[in-house]
There are 2 protein chains.
Amino acid sequence: MQVVIAIFDRFTILDAVGPYQVFTQLPGAEIIVAAQSRGPVTDNYDVAQLTALASLDEVPRPDIVIVPGGPGQADHMTGGPLKEWLVAADATSTWTTSVCTGSLILAGAGLLAGRAATTNWLAMGELARLGARPCEERYVFDGKYVTAAGVSAGIDMALALVARIAGDEAARGAQLGIEYDPHPPFNAGSPATAPAELVAAKRAASRFASA
Amino acid sequence: MQVVIAIFDRFTILDAVGPYQVFTQLPGAEIIVAAQSRGPVTDNYDVAQLTALASLDEVPRPDIVIVPGGPGQADHMTGGPLKEWLVAADATSTWTTSVCTGSLILAGAGLLAGRAATTNWLAMGELARLGARPCEERYVFDGKYVTAAGVSAGIDMALALVARIAGDEAARGAQLGIEYDPHPPFNAGSPATAPAELVAAKRAASRFASA
């Protein structure tokens, strides 16, 4: 089973590495980090570089597509190699998935029209404008399309996906393998639980218009 | 404030990227991924490559040291450039931290003698043999030494550390910034909650002797 994580300049690296680490725990998964061309791809902070060991052209028919988010998402909404690859790969994929604003790329490619989906909490309005039905869930399954909320949500999404693919026991094994027993020291990981002034400040600084 | 994440061949990439993503949310943090020499460093699955943009020699005095784990940890227990750098960097660091079996490297360098610490659940016995006092906690503070449990625990540890450095409100902001509102679909992320047969199978396959 081939899993392609399609990265791009100014992506958010945890969006990609969270699901990556979960899928390393699934026996038989061949994971490939790919980009428009082989070589290092730099994240949105210009600090972390993950290497694409394949070009998108080299992996035209993955079983599972994972598209991370990040500010660079905006470069792939109206055309270009990533969008073209995604549409073609989706035609034969078993699962087409995203993390954070990666769902905007899926939606921009026309893959989420009328579908239930999620994204970064700041991009819910944008997701709606692109024709999807935003759901405030940690991850959303709609047919073969699976979308995760912001950044760290890709870990939860990937565990749920492993369960669909290989069963609950495999997913529990993956969870124990990455010792995912989360104990955040605060309860501020969503706009529903974070202090109101913090939520307002993040909204004010966001590149997205409010919903 | 300089944060150096010191990686090495056959590290576990989420150990490094979890804390990285948390620290990207802390204003004023200069984060540097470093290794013995500049260039791509490959993870323990030989699939993910993270680039070291600095050599360890170039960052001798970080404020915060973060050492990930992974099977490659075993190469750095008795000497070599990473161990030498770590001992020297620790002499002036404000915080010296680890994720997963990275704490074995800290312990091997003599930094955790008699100290409360944690590590991957499978390596608790090894941590004790190296002179630390293992604690079954998600993360452990003992003076300036902060150690996290396996793989994904680096996210929780980094949030707690951001709180110590910059206050609870900064940590809540970081948590919301990475939308860390974990909802794992199963409750199997620690040996205390995973099915007993799964725990036994992982112990049997482990490179570490039982505690």
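Analyst: A residue is called buried if 20 or more other C-beta atoms lie within 10 Å of its own, exposed if 12 or fewer, and partly exposed in between. The model discussed here is predicted.

User: Which residues of H1(B) are buried?

Analyst: They are B:Ile13, B:Leu14, B:Asp15, B:Ala16, B:Val17, B:Gly18, B:Pro19, B:Tyr20, B:Gln21, B:Val22 and B:Phe23.

User: What makes H1(B) mostly covered?

Analyst: The helix has 11 residues, and 11 of them are buried. On that count H1(B) is described as mostly covered.

User: Why are H1(B) and H5(B) called roughly parallel to each other?

Analyst: Helix H1, residues 13-23 of chain B, packs against helix H5, residues 153-166 of chain B, at an angle of about 30°. Their axes are 8 Å apart. Angles under 35 degrees count as roughly parallel. The two helices are therefore placed in that class. Their crossing is right-handed.

User: Which residues of H1(B) and H5(B) make the contact?

Analyst: H1(B) contributes B:Asp15, B:Gly18, B:Pro19, B:Val22 and B:Phe23. From H5(B) come B:Gly154, B:Ile155, B:Met157, B:Ala158, B:Leu159 and B:Val162. By class, this contact has eight nonpolar, two polar and one charged residue.

User: Why does B:Cys100 count as buried?

Analyst: B:Cys100 has 33 C-beta neighbours inside 10 Å. The cut-off for a buried residue is 20 or more, so B:Cys100 meets it. This residue lies in the loop between strand E7 (95-98) and helix H3 (102-108) of chain B.

User: Is B:Asp46 counted as buried or exposed, and why?

Analyst: B:Asp46 has 10 C-beta neighbours inside 10 Å. A residue with 12 or fewer is exposed, so B:Asp46 falls in that class. The residue is found in the loop between strand E3 (39-42) and strand E4 (49-52) of chain B. B:Asp46 also has a positive phi, of about 60°, although it is not a glycine.

User: What makes A:Glu30 partly exposed?

Analyst: Within 10 Å of A:Glu30 there are 13 other C-beta atoms. Leaving aside residues up to four places away in sequence, A:Glu30 touches A:Met1, A:Gln2 and A:Val3.

User: How do you know that the radius of gyration of chain A agrees with a compact globule?

Analyst: For 211 residues, a compact globule would have a radius of gyration near 17 Å. The value for chain A is 16 Å, which agrees. Along its principal axes, the C-alpha trace of chain A spans about 45 × 40 × 35 Å. Of the 211 residues of chain A, 56% count as buried. The chain has seven helices and 11 strands.

User: How many residues does the contact take from chain A and from chain B?

Analyst: The contact takes 53 residues from chain A and 53 residues from chain B. Among the elements that each supply at least two residues of the side of chain A that touches chain B are helix H1 (13-23), strand E2 (30-35) and helix H7 (196-205). That side of chain A has 32 nonpolar, 14 polar and seven charged residues.

Terms used
Residues numbered from 1 in each chain as written. Chains lettered and ligands numbered in written order. Predicted model: local features only at pLDDT ≥ 70, side-chain atom pairs only at ≥ 80, totals over all residues. Axes fitted to C-alpha atoms, helices over the stretch in contact; angles between N-to-C directions. Helix = DSSP H or I, 4+ residues; strand = E, 2+ residues; numbered from the N terminus. Parallel < 35°, antiparallel > 145°, perpendicular 65-115°, else oblique. Left-handed = near helix turned anticlockwise from the far one by under 90°. Contact = placed C-beta atoms within 7 Å. Nonpolar A, V, L, I, M, F, W, Y, C, P; charged D, E, K, R; others polar. Rg over C-alpha atoms; globule rule 2.2 N^0.38 Å.
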